[in-house]
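Work through the exercises below with the sequence and coordinates at hand. Each task is followed by a stepwise solution.

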Amino acid sequence: MSDLLRLEGVHTHIAQYHILHGVDFAVPKGQLTMLLGRNGAGKTTTLRTIMGLWQASQGRVVFDGQDITKTATPEIAQSGIAYVPENMGIFADLTVRENMLLAAREGEIDMARLKWIFGLFPALERFWLLAAGSLSGGQKQMLAIARAIVEPRALLLIDEPTKGLAPAIIMNMIQAFKELKSTGATILLVEQNFLAAKLLGDNVAVMDDGRIVHTGAMAELAEDKSLQQKLLGLSMDAHQ
Amino acid sequence: MSTAAISDTAALPKVKLDLLPILLVPGLMLLALPFVGSFSTWVTLTVAALAMGMMIFLMASGLTLVFGLMDVLNFGHGVFISFGAYMSLVALGPLAGWVESPNIWLNIGVLLACILVAMVVTGALGWAFERVVIRPVYGQHLKQILITMGGMIVAEQMIHVIWGASPIPLRLPEGLRGAIVIGDAAMEKYRVIAVVVGLTVFGAMYLVLNRTKIGLLIRAGVENAEMVEALGYKIRRLFVGVFIAGSALAGLGGVLWAFYRQTLTAGMGMEVNVLIFIVIIIGGLGSVGGCFTGALLVALVANYTGFLAPKLALGSSILLMVLILLWRPQGLYPVAKR
């Protein structure tokens with residue numbers, strides 16, 4: 001399986017703070033790669049660096065064979081990367097429809113695809129003409145993900161989609177990601193919920209203190225409790 | 001494609017239409033009626049206030065979008081008002097005969113020519129101002145305040161060099177002078193025209209912001225510019241466009257303001273700058289609807305207090321701002337910021 005995205009020795013500074021210290025990992029095409037790690041390990045900074053929202057001070061970000069390290073964010077998005085930030089980034093004053101329309105850069109939303117999205121997230125169809133700010137936290141997360149998949153994208157970067165959601169909604173969100181995976185989408189998912197990580201991940205990269213400290217198959221990490229304890233400080237079972 | 005439905009049994013959220021701030025406008029008008037006493041005087045005062053409010057809105061609307069979209073504090077916005085006003089002189093040069101013509105269409109043509117020249121020139125000036133003055137200080141508020149105020153002082157001195165330091169009288173075209181009298185109430189024709197122009201521009205802005213993709217991008221950018229970029233849109237290019245449009249609108253407001261005062265001074269933009277900032281703070285930074293409501297409220301309060309308690313008139317706008325911020329600290333129609 002070829003790599004769609006590759007980070008080579010990426011360093012990122014935010015003002016005087018050195019956050020990423022030479023991050024190296026790859027995201028294979030057509031697979032779901034989990035990016036795990038404790039709070040403050042540098043996961044969000046890694047996604048933001050890939051998107052060009054923070055510039056890498058050293059190293060390379062290679063997407064689909066192209067070096068995008070110094071590329072501006074709009075061009076990175078146009079090259080086929082969709083990003084769902086930790087705060088979801090929805091436009092609260094705009095309606096659900098307007099949020100989706102903005103994400104459809106081709107102009108119009110493909111109706112067959114929209115029907116499929118409504119199948120994944122029926123709430124969006126009900127609240128189509130309501131201001132996004134009036135939605136619940138779970139519905140906002142659905143909108144944020146729906147916006148990222150309103151048109152086919154080569155790579156989805158999603159930052160903690162289950163954060164703050166009720167357990168029932170998390171299980172449904174996992175189902176939605178399984179559905180998304182079955183379409184052959186390539187996804188890099190930052191997640192703190194280890195059950196979600198175990199159920200969804202094909203591969204895993206674990207971060208600590210701004211570095212990648214482990215890469216491999218998700219199934220291996222899910223099976224190896226001592227490795228979980230060593231890398232994450234806790235076993236996955238404790239987080240289910 | 002098969003589906004994995006996410007169940008959601010939550011009730012439909014209630015849509016909250018926040019009409020209270022805009023209802024303050026007619027409420028204030030009605031409240032003033034018994035204090036003013038005479039109905040005809042009240043009509044005259046109200047029409048004058050609406051005209052003034054529309055002109056302030058035209059001058060302030062661009063500034064509020066510029067702040068909302070790129071977090072830029074442009075204290076030099078008055079430059080475009082002054083230059084717009086002085087462009088009336090340029091346009092009036094070859095059309096002097098039309099000003100004194102009894103033909104109302106030629107009179108309106110003069111006004112439209114002034115507006116056109118002012119908007120083109122101030123739009124171009126806005127483009128240059130953004131490139132030279134604003135661009136080097138993105139994200140640095142203190143420097144923005146200093147450099148944009150400096151830019152305004154330089155521009156004011158340029159006006160002195162080109163047109164001289166003395167005030168220049170500006171005559172209204174013949175057909176736009178005088179008043180329309182209905183019963184005992186007299187409404188100056190020019191003020192009615194200013195209300196019509198203001199409402200037309202507000203309507204056009206509303207349509208652009210709510211019915212076009214560009215408008216959608218501007219509204220989204222005001223809320224969360226970074227996310228607009230992450231969706232693949234070049235926010236800087238959008239900002240330059242909004243800056244040019246905002247400068248052109250200030251130029252349009254400058255022309256209307258100049259004919260309203262019937263005098264041109266280099267400092268007229270700087271004088272109205274304070275009022276503009278009060279309006280955009282009252283309205284909610286980045287909100288066009290808030291700016292419209294705020295401008296009308298400021299003008300109504302200024303006119304009524306000017307008539308009822310002239311000594312309070314000078315501080316009435318500040319007092320209004322304090323009261324509104326005590327009620328709604330983010331302004332009348334705050335924009336949801338990330």
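Two residues count as in contact if their C-beta atoms, placed from the backbone, lie within 7 Å. The model is predicted.

**Exercise 1.** Determine how many residues of chain A are in contact with chain B, and which element of chain A gives the most.

Solution.
- Step 1. By the contact criterion, 39 residues of chain A touch 27 residues of chain B.
- Step 2. Elements of chain A that give two or more residues to this side include α3 (96-103), α6 (137-148) and α7 (167-182).
- Step 3. The most come from α7(A), which gives six residues.
- Step 4. By class, the chain A side divides into 21 nonpolar, 12 polar and six charged residues.

**Exercise 2.** Describe the span of α7(A) and find which of its residues are buried.

Solution.
- Step 1. With 16 residues, α7(A) reaches 23 Å from its first C-alpha to its last, close to the expected 22 Å.
- Step 2. Buried residues of α7(A) include I169(A), M173(A), F177(A) and L180(A).
- Step 3. The buried residues of α7(A) pack against α4, α6 and α8 (194-200) of chain A.
- Step 4. After α7(A) comes G184(A), with a positive phi near 90 degrees.

**Exercise 3.** Classify the packing of α2(B) against α11(B).

Solution.
- Step 1. The axes of α2 (residues 39-70) and α11 (residues 268-283) of chain B come within 9 Å and cross at roughly 60 degrees.
- Step 2. The two helices, α2(B) and α11(B), are therefore oblique to each other.
- Step 3. The crossing of α2(B) with α11(B) is right-handed.
- Step 4. The residues of this contact divide into 10 nonpolar, two polar and no charged.

Notes: Residues are numbered from 1 along each chain as its sequence is written. Chains are lettered from A and ligands numbered from 1 in the order in which they are written. This is a predicted model: local features need pLDDT of at least 70, side-chain atom pairs count only at pLDDT 80 or more; totals for chains, interfaces and linings use all residues. Axes are lines fitted to C-alpha atoms, for helices over the stretch in contact, and angles run from 0 to 180 degrees between N-to-C directions. Helices (H or I, at least four residues) and strands (E, at least two) are DSSP runs, numbered from the N terminus. Angles under 35 degrees count as roughly parallel, over 145 as roughly antiparallel, 65 to 115 as roughly perpendicular and the rest as oblique. A crossing is left-handed if the near helix is turned anticlockwise from the far one by less than a right angle, and right-handed if clockwise. Ala, Val, Leu, Ile, Met, Phe, Trp, Tyr, Cys and Pro count as nonpolar, Asp, Glu, Lys and Arg as charged, and the others, Gly among them, as polar. The expected span of a helix is 1.5 Å times one less than its number of residues. A residue is buried if 20 or more other C-beta atoms lie within 10 Å of its own, exposed if 12 or fewer, and partly exposed in between; C-beta atoms are placed from the backbone.
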